[in-house]
Amino acid sequence: AQGRMYPRRFRTSSRLMALPALVLSAFLVVAANAQTLYTATARAYISQSEVVGRLYVVDPDTAGARLVGPLRLKDGRYIGVNGLAVHPRTGALYGITAGATPGLRPSLVTIEPKTAEAPLIGPSGHSASDINFDADGHLFIWLTDLGQIGTVDLKSGAATPLGSTLIPDATGGGLAINQKGAAYIATTTAV
């Protein structure tokens, strides 16, 4: 049922959030404070010395991209990320790893925007395709292994599912949250 809306409401932070599925482009991220636009690439893992993902800064006027560098953990392992999000209050850049690096389960990282170094926060406990903050600084995640939205603990990286979205057979996709706190999910492979 492509293009159909599947509304679902979740109680989070004592308010209701509607979750209609919409078609969105959700991998470019704008830093709230500096108005910097970031994007990242990810590819399949080949070997320990091969770059898996790269961080770029995008010029919104020309759509030209400038390479910041390969995404890597502090221990030197290269990673790819599925989603990026900028904290609305601190301006910190976060990413959710794609699970392409052997020995690294899908995890939350912070990303240094000048070097692309990605300090590991911790495993999410779930496969995910995107993350996004609400205006209050709560991090949400689209859990592809469950087809559900969840919240992420910024200290541990652990994701907590919020319940069914009623979107059938959804796997990947993007997640956006507007200023009023409504979450929008653009899914892939939905029936």
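Colleague: How much of the accessible surface of the chain belongs to carbon and sulfur atoms?
Modeller: Keep in mind that this is a predicted model. The accessible surface of the chain comes to about 9300 Å². Carbon and sulfur atoms hold a share of 52%.

Colleague: How many helices and how many strands are in the chain?
Modeller: The chain has 191 residues, and 45% of them are buried. Its count of elements is 0 helices and 16 strands.

Colleague: Which residue in β8 is the bridge partner of valine 86?
Modeller: β7 and β8 pair in the antiparallel sense. Their pairing runs over 5 bridges. For valine 86, the partner in β8 is leucine 93.

Colleague: What kind of aromatic pair do tyrosine 94 and phenylalanine 133 form?
Modeller: The whole structure has 1 aromatic pair. Its rings lie 5.4 Å apart, centre to centre, with 65 degrees between the planes. Planes over 60 degrees apart count as edge-to-face. So tyrosine 94 and phenylalanine 133 pair edge-to-face.

Colleague: How many residues apart in sequence are the parts that this pair ties together?
Modeller: Tyrosine 94 and phenylalanine 133 are both buried. Tyrosine 94 lies in strand β8 (residues 93-97), and phenylalanine 133 lies in strand β11 (residues 128-133). The pair therefore ties together parts whose separation in sequence is 39 residues.

Note on methods:
Residues numbered from 1 in each chain as written. Predicted model: local features only at pLDDT ≥ 70, side-chain atom pairs only at ≥ 80, totals over all residues. Heavy atoms only, no water. Helix = DSSP H or I, 4+ residues; strand = E, 2+ residues; numbered from the N terminus. Buried < 20%, exposed > 50% of the residue type's maximum accessible area, 1.4 Å probe, protein only. Areas by Shrake-Rupley, 256 points an atom, 1.4 Å probe, with all protein chains shown as cover. Phe/Tyr/Trp six-rings, centres within 6.5 Å; stacked < 30°, edge-to-face > 60°. Pairing = 2+ DSSP bridges.
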